[in-house]
Each structure stands twice: as structure tokens, then as C-alpha cells.
Amino acid sequence: NVGIGFAIPADTLNKVVPMLIAKGQMDRPSLGFTSMAPLLALQYFSIENGVVVEMVAPDSPAARAGLRGITDHGSEQKALLGDIIVGFQGKPIRNPVQLADQLELLPPETPLVFEILRDGKTLTITLRPLEKAPEVKVSVPA
């Protein structure tokens, strides 16, 4: 023992353990977007709070809800900032870890309400997650 301890919140434990016993694995919803690391969001866009949406997968729940990622215009022009998630289910969100923690507390089929900043305006969007991420099959020519 080196004096390091780890704590799991009781709400998380009460949700995860029954699912592991019943299914043998944790089902997480597929949202279809990735977020930019907070340090990079600060460095490139001077964003200190919120979750910068970096990329939205085509035909994903995030795309169907209208979420927008960063638009890259090549090396000669600066990338355009997309959406910044600043609230989730009525609570403020400061970073991707806080958003992930809040997502863990909800059943996979729960509609997710995000408050976002887009072009200086605050908007509310509702995202309906998929139970599991769609499988991507890659075929290799023989």
C-alpha cells in the first residue's frame, strides 16, 4: 500500500454493477461527436469553459440533431469554430470530463438536451442517442 486510494461515486456504482451482472459489459450510447482537448481549445480558440465540438460523424445522432464541429479550411486559412457545449440537461458544463460524468448517470435511451454556443448565440438542441455505435466494416481487396 502506497497510500493511493480510488473512490467510485455510489450513483455510478449502482448503475454499472447491475448492468455488468446482467450483460457482462457496459452499454454506452453512441452520440457521434468528438470534443477538442481543453488545452487545445484554449490554445487555438481561447475557449476556457465548455466543450468544443471538434468533429461530428455523418448520419450520427449528433449530426441529426444539428451539432456542428470545427470546419477546416486548409493550411492557409484559420479553422472556423463550430459549437461549444456549455450546458447539459439544465446544468452548466465546463469541460469534457464533466460532460462524460453527467452522461454516465443517464440510461442510454434518454434524450439529451444540450445548451450550445454557436456564432455568439445560445441554442438548445436535443440529441437522441443510439444504443450502440454502428459497426464499421472495412473490406480489403484481395
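Asp-83 is buried, with a relative accessible area of 0% (buried means under 20% relative accessible area, exposed over 50%, partly exposed in between, using a 1.4 Å probe and protein chains only). We're looking at a predicted model here, so local features need pLDDT of at least 70, side-chain atom pairs count only at pLDDT 80 or more, and totals for chains, interfaces and linings use all residues. Residues are numbered from 1 along each chain as its sequence is written, and side-chain values use heavy atoms, with hydrogens and water left out.

**View 1. Asp-83 and its surroundings.** This residue sits in the loop between α3 (61–65) and β3 (84–88); helices (H or I, at least four residues) and strands (E, at least two) are DSSP runs, numbered from the N terminus. A polar atom of the Asp-83 side chain lies 2.7 Å from the backbone nitrogen of Arg-68. Setting aside residues up to four places away in sequence, Asp-83 touches Val-51, Val-52, Val-53, Gly-66, Leu-67, Arg-68, Ile-116, Leu-117 and Arg-118 (contact means heavy atoms within 4.5 Å).

**View 2. Asp-59, out in the open.** Buried or exposed, what is Asp-59? With a relative accessible area of 64%, Asp-59 is exposed. You'll find Asp-59 in the loop between β2 (51–56) and α3. Its C-alpha atom is 8.3 Å from that of Gly-32, and the two residues are 27 apart along the chain.

**View 3. The largest nonpolar core, plus another one.** A nonpolar core is a set of buried Ala, Val, Leu, Ile, Met, Phe, Trp, Tyr and Cys residues joined through side-chain atoms within 4.5 Å. The largest has 17 residues, and those with the most contacts inside it are Phe-33, Leu-67, Ile-85, Phe-88, Leu-99, Leu-112 and Phe-114. Two or more residues each come from β2, β3, α4 (96–104), β5 (112–118) and β6 (121–127). Another core lies apart from it, with seven residues, including Met-36, Ala-41, Ile-47 and Ile-84. Back to Leu-67: ignoring neighbours within four places in sequence, Leu-67 is in contact with Phe-33, Val-53, Val-56, Ala-62, Asp-83, Ile-116, Arg-118 and Ile-125.

**View 4. Three phenylalanines in one aromatic cluster.** The members are Phe-33, Phe-88 and Phe-114. Rings of Phe, Tyr and Trp (its six-membered ring) pair if their centres lie within 6.5 Å; planes under 30 degrees apart count as stacked, over 60 as edge-to-face and the rest as tilted. By this rule there are two aromatic pairs. Phe-33 and Phe-114 have ring centres 6.3 Å apart and planes at 85 degrees, so that pair is edge-to-face. This pair links distant parts of the chain, with Phe-33 in strand β1 (residues 33–35) and Phe-114 in strand β5, 81 residues apart. Phe-88 and Phe-114 make a tilted pair, 5.2 Å centre to centre with 45 degrees between the planes. Since Phe-88 lies in strand β3 and Phe-114 in strand β5, the pair ties together parts that are 26 residues apart in sequence. Phe-88 counts as buried at 1% relative accessibility, and Phe-114 does too at 0%.

**View 5. Zooming out to the protein chain.** Four helices and six strands make up the element count, in the order α-β-α-β-α-β-β-α-β-β along the sequence. Of the 142 residues, 30% are buried. Among contacts between residues at least 6 apart in sequence, 52% join residues at least 24 apart.

Key:
A polar contact is a pair of N or O atoms within 3.5 Å; within protein, one must be able to donate a hydrogen and the other to accept it, and residues adjacent in sequence count only if both atoms are side-chain atoms.
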